[in-house]
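Welcome! Please take a moment to look over the model shown here before we walk through it together.

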There are 2 protein chains.
Amino acid sequence: MGKKYVENIANMEEDFAQWYTDVVKKTDLVDYGPVKGTMVIKPYGYAIWENIQNYLNEEFKKCGVKNAYFPMFIPESYLKKEAEHVEGFAPEVAVVTYAGGKELEERLIVRPTSETIICEMYAKWIKSYRDLPVKMNQWCNVVRWEKTTRPFLRTSEFLWQEGHTVYSTYEEAEDDAKKMLQVYKKLGEEFLAIPFFTGKKTESEKFPGAENTYTIEAMMHDGKSLQSGTTHNLGQKFAKAFNIKFLNKEEKLEYGYSTSWGVSTRLIGALIMVHGDDRGLVLPPNVAPIQTIIVPIGKDNDLVKKISKEIENKLKENNIRVEIDERDNSPGWKFNEWEMKGVPIRLEIGERDLEQGEITIFRRDTLEKTRIKIEDVEKEVLNLLIDIQKNMYKKAKDYRDKRIAQATSISEILEVVDSKKFARVNICSDENCCIKVKDETGATSRMIENENLKLGNKCAICGNPATRTVLFARSY
Amino acid sequence: MGKKYVENIANMEEDFAQWYTDVVKKTDLVDYGPVKGTMVIKPYGYAIWENIQNYLNEEFKKCGVKNAYFPMFIPESYLKKEAEHVEGFAPEVAVVTYAGGKELEERLIVRPTSETIICEMYAKWIKSYRDLPVKMNQWCNVVRWEKTTRPFLRTSEFLWQEGHTVYSTYEEAEDDAKKMLQVYKKLGEEFLAIPFFTGKKTESEKFPGAENTYTIEAMMHDGKSLQSGTTHNLGQKFAKAFNIKFLNKEEKLEYGYSTSWGVSTRLIGALIMVHGDDRGLVLPPNVAPIQTIIVPIGKDNDLVKKISKEIENKLKENNIRVEIDERDNSPGWKFNEWEMKGVPIRLEIGERDLEQGEITIFRRDTLEKTRIKIEDVEKEVLNLLIDIQKNMYKKAKDYRDKRIAQATSISEILEVVDSKKFARVNICSDENCCIKVKDETGATSRMIENENLKLGNKCAICGNPATRTVLFARSY
């Protein structure tokens with residue numbers, strides 16, 4: 001058996017699924033709710049979500065997007081207005097049939113996503129090209145009744161943000177879908193230290209009701225892909241279904257062009273499975289609820305206490321999220337605890353180091369320990385936080401870049417994904433070839449990397465001329 | 001007919017209910033959702049809610065409260081565990097009976113409040129006195145199927161925060177309920193410019209399942225009371241129903257003592273009805289989404305443009321929420337628009353003033369206009385924002401203080417509330433006397449102001465010795 005670094009956390013190479021379950025529970029991110037498939041997001045997990053919210057709210061604001069809130073209950077008739085949409089979502093909705101002591105006349109769908117109700121409102125509000133673009137976002141809970149669930153990755157209820165826009169031209173809507181994809185990509189680069197693959201979904205993997213769906217996908221430690229966010233150019237499909245019409249500059253009535261885009265608490269699952277190790281979580285500093293933990297060694301020692309407090313205050317002044325662990329447990333126990341919880345930096349403050357005017361600084365990502373001068377602590381911590389963030393991104397990128405392999409046949413695709421890699425495949429425009437890969441290998445088309453493949457390439461499946469390069473992988 | 005200052009907004013003295021409806025719609029705070037009783041909170045309204053969230057998150061943090069998220073669906077059996085609680089909420093719940101294509105085995109209640117599901121989780125997490133206190137809060141949507149609804153005041157779905165704590169003694173729980181009431185009171189004083197009445201609810205007005213309920217109530221412009229937030233000492237009632245037991249210091253198992261407390265989007269209704277006037281909204285600077293609006297007069301004039309932009313930048317550097325209105329409409333139209341939307345300060349920037357090195361500053365609360373030197377603009381705006389905030393609080397307090405009258409009989413109570421005031425009543429300990437007032441006047445006991453009334457006072461209803469002073473009012 002592989003070495004177990006932490007009691008109750010499985011070795012990740014031996015049983016990655018169990019490792020994940022152990023980590024989310026043991027690190028106090030989440031617990032199972034009483035209703036099957038639901039989760040309780042505990043404070044340590046929720047603080048990660050709040051940090052993501054704050055980051056994205058800033059970015060959305062720069063894009064001119066305003067937050068709002070739309071009702072959770074959608075009349076069943078709305079869901080049915082867009083044919084592909086209802087087909088996609090009907091099997092997994094939860095339905096309120098009874099309220100206020102009475103059977104309802106019309107059943108209410110608990111939103112699985114809000115295109116229908118938001119488009120209904122937009123149709124009331126939008127009259128003229130002067131009202132466009134409209135760009136709103138909401139942070140809310142959504143419900144999708146899934147058969148197999150896992151905390152953060154797939155739960156009956158989850159939290160997300162959903163942006164919804166309307167433009168007066170197709171091009172603007174297409175630009176919006178691409179631009180918001182870049183916002184999500186940057187969230188990965190700057191904040192989550194996750195190098196997302198970005199690209200367009202193939203026909204069979206699109207959002208129900210979209211013209212084009214774009215996706216951010218991350219490679220998990222086990223070589224599977226996690227779809228971590230999507231943006232959709234909905235064209236005029238929803239505008240026609242909900243009658244969103246505007247008077248254009250030529251004073252003619254025209255249907256609007258809409259988009260939608262979202263990321264969810266699933267991102268926390270991505271963080272865990274991209275960065276985690278056998279000791280537990282490894283959190284990138286920018287998103288970590290606690291960036292630096294101070295562990296006093298010999299906590300009844302007055303000097304240790306005093307210096308610990310002084311350092312805490314100095315770091316707080318520098319807007320570093322810092323805490324002192326003053327509990328009764330041993331230093332060794334605390335080291336394990338905070339390593340498991342993925343805190344980027346640990347400061348060990350002990351009497352013997354202090355005699356030399358020094359403290360010990362430990363970085364979670366590389367597990368390296370060094371001694372630094374007390375007077376350098378702010379500078380050292382600030383620099384190290386930046387360095388850890390960069391290093392974690394680089395490490396994740398190196399990991400994934402080594403795990404992509406070209407495949408030129410179904411059997412090669414199978415071989416590649418069985419070896420926990422993504423398969424890069426030249427393929428023709430016939431979506432049936434993508435579906436064939438799925439049926440025979442269990443790997444799905446994650447995204448189109450290149451839609452303008454040069455002449456002379458052959459489809460790995462049917463041998464006809466290939467027009468595009470598609471990434472295939474097993475996925476969550 | 002009274003003067004109508006704004007088209008489509010009713011005169012508030014003539015028809016306050018219509019005035020309210022007009023204001024919320026016309027100022028873009030809210031729209032009606034498609035399902036009866038639901039509301040869409042539009043960006044201008046939602047920004048107010050976000051400001052309240054930011055304020056309270058800071059205050060909660062100071063109290064050691066951590067944010068978390070609990071599932072929205074509550075198994076019906078949970079709701080039934082606490083007898084008073086189910087009786088209070090059963091008539092107004094929405095019920096999911098069908099999900100994922102199947103009839104559910106157990107019906108799921110959409111949370112009307114989360115004591116039951118949170119206590120169920122706390123029972124799993126709490127083992128020892130070392131785990132206490134537990135203090136969590138969640139920001140979420142809740143559903144209560146009400147017969148009569150009004151935007152912000154009473155809607156089938158609304159947004160709120162609900163804090164839930166567990167302590168090891170009754171006294172700590174009681175202190176928590178009182179302390180959080182003070183947090184809400186301070187929110188009124190510092191942020192919403194609303195002088196809340198605070199006190200304990202009488203027996204018949206308590207939260208279903210509470211030992212003690214404390215309330216913040218505000219007097220609306222029409223002399224009615226709006227319950228704007230409550231805190232509850234739940235004693236051991238929920239701990240017993242959900243088996244929250246901890247090992248105390250003497251190593252004996254004991255039930256915990258819990259509290260809960262919340263404020264909702266109803267606060268936005270309070271803001272409107274406390275401060276609004278015949279021109280529309282009047283927003284206190286601290287909570288206003290836009291604190292200062294800049295209206296360029298002659299917006300094609302290059303100097304006007306340049307100075308407008310410079311002033312905007314200067315104010316932004318001072319963290320003032322400022323916007324320039326560069327739309328095609330006339331200055332007069334814009335003045336009305338922003339007065340209606342309650343923006344605290346308007347800066348008018350025109351060529352003629354600029355020649356004197358001056359601009360015009362208008363304050364929404366008193367409708368006063370003065371001219372100031374351009375170089376003083378930051379100082380003047382910063383000072384005026386503080387002054388408006390103070391003045392609005394004082395004005396609201398003066399208004400309410402004049403509208404409280406002592407009443408010594410049912411007929412006097414009726415007279416007082418008919419004249420749009422609150423009645424202060426000495427009353428005995430028998431709750432039936434409170435209920436009698438309600439039945440005969442339509443005014444309910446809003447809170448106990450004094451529980452230790454001196455001997456010699458008589459109950460205004462039955463003539464027996466009075467033990468307490470209670471405020472009665474009609475209410476929303």
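Predicted model: local features only at pLDDT ≥ 70, side-chain atom pairs only at ≥ 80, totals over all residues.

Residues are numbered from 1 along each chain as its sequence is written, while chains are lettered from A and ligands numbered from 1 in the order in which they are written.

Let's begin where the chains touch. Here 40 residues of chain A are in contact with 40 residues of chain B (two residues are in contact if their C-beta atoms, placed from the backbone, lie within 7 Å). On the side of chain A, strand E5 (residues 94–99) gives the most, with 6 residues; helices (H or I, at least four residues) and strands (E, at least two) are DSSP runs, numbered from the N terminus. E5(A) pairs with strand E5 (residues 94–99) of chain B in the antiparallel sense over 5 bridges, where pairing asks that DSSP find at least two bridges between two strands. In this pairing, Val96(A) stands opposite Val96(B).

How are the two copies related? A rotation of 180° with 0.0 Å of shift along its axis places chain A on chain B, with an RMSD of 0.0 Å; the superposition is by least squares on the C-alpha atoms of residues with pLDDT of at least 70 in both copies. The two copies are therefore related as by a two-fold rotation axis. In chain A, the C-alpha nearest this axis belongs to Val96(A), 2.1 Å from it. Because 100% of the interface residues of chain A are also interface residues in chain B, the copies meet through the same surface.

Next, look within one chain. Chain A is divided into domain 1 (16–275), domain 2 (292–384) and domain 3 (404–473), with bounds from an automatic or database domain assignment. The centres of domain 1 and domain 3 of chain A, taken over C-alpha atoms, are separated by 28 Å.

Finally, turn to chain B, where 5 strands form an open sheet of mixed pairing, in the order E16-E15-E17-E18-E19. Strand E16 (322–324) and strand E19 (368–373) of chain B stand at the edges, each with a single partner strand, so one side of each is left without a neighbour in the sheet. Within the sheet, strands E17 (residues 345–350) and E18 (residues 358–363) of chain B pair in the antiparallel sense over 4 bridges, and Leu347(B) stands opposite Ile361(B) in E18(B).
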